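Colleague: I'd like to learn how to read a structure like this one. Could you walk me through it, feature by feature?

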Amino acid sequence: MNWMESIRIALEGIWVNKMRSFLTMLGIVIGVAAVILVVAIGQGGRSKLLSEMEQIGSTLFVIYIQSVSTDTVTDSERINLQDIRVIKERVPAILALAPSSYEYAEVKSRRGSKQVLAVGTTGDFVKVRNLDLARGRFFSEIDNRAVRRVAVIDEKLGENLFGRADPIGKKILLKNTPTLVIGVAKAGESIFMEGQVRNVYIPFSYWQSLFNSSRVDQLEGKAVNKDRVNEAVKQAKNILNRRHHTTDRYSSFTMEEEMAVADRVMGIMTTIIGAIAGISLLVGGVGVMNIMLVSVTERTQEIGIRMALGAGRKNILVQFLIESIVLCLLGGIIGTVLGYGGAYLVAHFAKWPPLVSWSTVLVAFLFSAAVGLFFGIYPANRASKLDPIEALRRD
């Protein structure tokens, strides 16, 4: 059998019935494009998420006191500043350690007001969170001891409060208290900050005075390297339990653990959504089978003539299988182009890297061919079993 001749005949058949062939391929086109697009979006989103978590710091860890609704936290169990000093002295695996407490508050300027999250902390917070300053400085230990009313805001908040003017040296009203802006943190393009309340960083002593609270919500630390994160966390929790006469009262999480969970969850979601998108390929395959059955009916006389001229059942079977596969492959090519283009378009607007996996493209493409083969078997088999005499008699 001449394979090239069979492919040529298949292409001629598709060309003669252009509209019908296009509508038949549409399910395959949509299926392949959807699979490529969904997987690319999932991989791009995962890359963006992990990249931003990596920027925060893979050596970051957080320690906090366990608390449930039926449980109460006594004053003797609360983390305090003395705990931080002791932990920093006794745990060499820790590079930086800072307290952090959070409260919502209103900040005002002449241009208007904004709801912000006031973060009370110390100078080590810059190292812990890899905070990048665009202008000015972060507050120091001296600022903390002197309970100075100073603040560091991010660029986005600075634009909201002062427009294009430089916020450094200007005053804001934080909870109606005049506060001097001494630094501006780079905002960056973060998916974590989309639609979120902006942060205002203030010295921990000032935060305590402003909100009339001495609580420390959590300890945020940075280990000297990735390999010593668990060691740092374990030793710090042991010290806290000994100092507060408790047992396993403090919980923790590390950025490495959060990144692993995020990677696993995003991978599962991408697989599930990709599989759902792949169902449309099966729907397209059913369409191919229906059209091929129609084609067998329409070409009954042609089949009879071929058989009368010496074509065997195998030749007829292969011919119709090739037509079905070519139809699906053409749909796969168009779907690949659309999926690839759509992935780049989404990546452009979402501002993340266009991650189109060639393995995904190959799988989608081969799957479209497999759909053509699978759903073409029944029509092709039916065509090959036609009786030549009965086929020639058919009008």
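This is a predicted model: local features need pLDDT of at least 70, side-chain atom pairs count only at pLDDT 80 or more; totals for chains, interfaces and linings use all residues.

Colleague: Fine. How many helices and strands does the protein chain have?

Modeller: There are 13 helices and ten strands in the protein chain. Of its 395 residues, 45% count as buried. The chain exposes about 20700 Å², and carbon and sulfur atoms supply 58% of that.

Colleague: And what share of the contacts comes from residues 24 or more positions apart?

Modeller: Taking contacts with a separation of 6 or more, 81% are between residues 24 or more positions apart.

Colleague: Let's take a helix. What should I look at in α8?

Modeller: Start with the general idea: an α-helix has 3.6 residues a turn, so residues three or four places apart point the same way. Now the case here. Helix α8 covers residues 229-243, and its 15 residues reach 21 Å from the first C-alpha to the last, close to the 21 Å expected at 1.5 Å a residue. Its buried residues are V229, A232, V233, A236, I239, L240 and N241.

Colleague: Which elements do those buried residues pack against?

Modeller: They pack against the helix α3 and the strands β1, β2, β9 and β10.

Colleague: You mentioned α3. How do I describe a pair of packed helices?

Modeller: Two packed helices are described by the angle between their axes and the distance between the axes. For α3 and α8, the angle is about 135 degrees and the axes are 10 Å apart. That angle is why α3 counts as oblique to α8. Their crossing is right-handed.

Colleague: Which residues meet there?

Modeller: From α3 you have Q82, D83, V86, I87 and R90, and they meet Q235, A236, I239, L240 and R243 in α8. Two of those, I239 and L240, are also among the buried residues of α8.

Colleague: How much of helix α7 is buried?

Modeller: It's mostly covered, with six of the eight residues in 204-211 buried. Those are F204, S205, Y206, W207, L210 and F211. N212 follows α7 and has a positive phi, near 50 degrees.

Colleague: Now single residues. Is N144 buried or exposed?

Modeller: The idea is to compare the relative accessibility with a cut-off: under 20% means buried. N144 has 8%, so it counts as buried. You'll find N144 in helix α5. Leaving out neighbours within four places in sequence, N144 is in contact with T121, T122, P203, F204 and S205. F204 and S205 are among the buried residues of α7.

Colleague: What about a loop residue such as V216?

Modeller: V216 lies in the loop between α7 and β9, and with a relative accessible area of 8% it is buried. Beyond its neighbours within four places, V216 is in contact with I79, N80, P99, S100, S101 and F204.

Colleague: Where does I79 sit, then?

Modeller: I79 is in the loop between β1 and α3, and at 4% relative accessibility it counts as buried. Not counting residues up to four places away in sequence, I79 touches I63, Y64, V216, L219, L240, H244 and Y250. One of these, H244, is 165 residues away in sequence and 8.6 Å away in space, C-alpha to C-alpha.

Definitions and conventions:
Residues are numbered from 1 along each chain as its sequence is written. Side-chain values use heavy atoms; hydrogens and water are left out. Helices (H or I, at least four residues) and strands (E, at least two) are DSSP runs, numbered from the N terminus. Buried means under 20% relative accessible area, exposed over 50%, partly exposed in between (1.4 Å probe, protein chains only). Contact means heavy atoms within 4.5 Å. Accessible areas come from the Shrake-Rupley method with a 1.4 Å probe; for residues, only the protein chains shown count as cover. The expected span of a helix is 1.5 Å times one less than its number of residues. Axes are lines fitted to C-alpha atoms, for helices over the stretch in contact, and angles run from 0 to 180 degrees between N-to-C directions. Angles under 35 degrees count as roughly parallel, over 145 as roughly antiparallel, 65 to 115 as roughly perpendicular and the rest as oblique. A crossing is left-handed if the near helix is turned anticlockwise from the far one by less than a right angle, and right-handed if clockwise.
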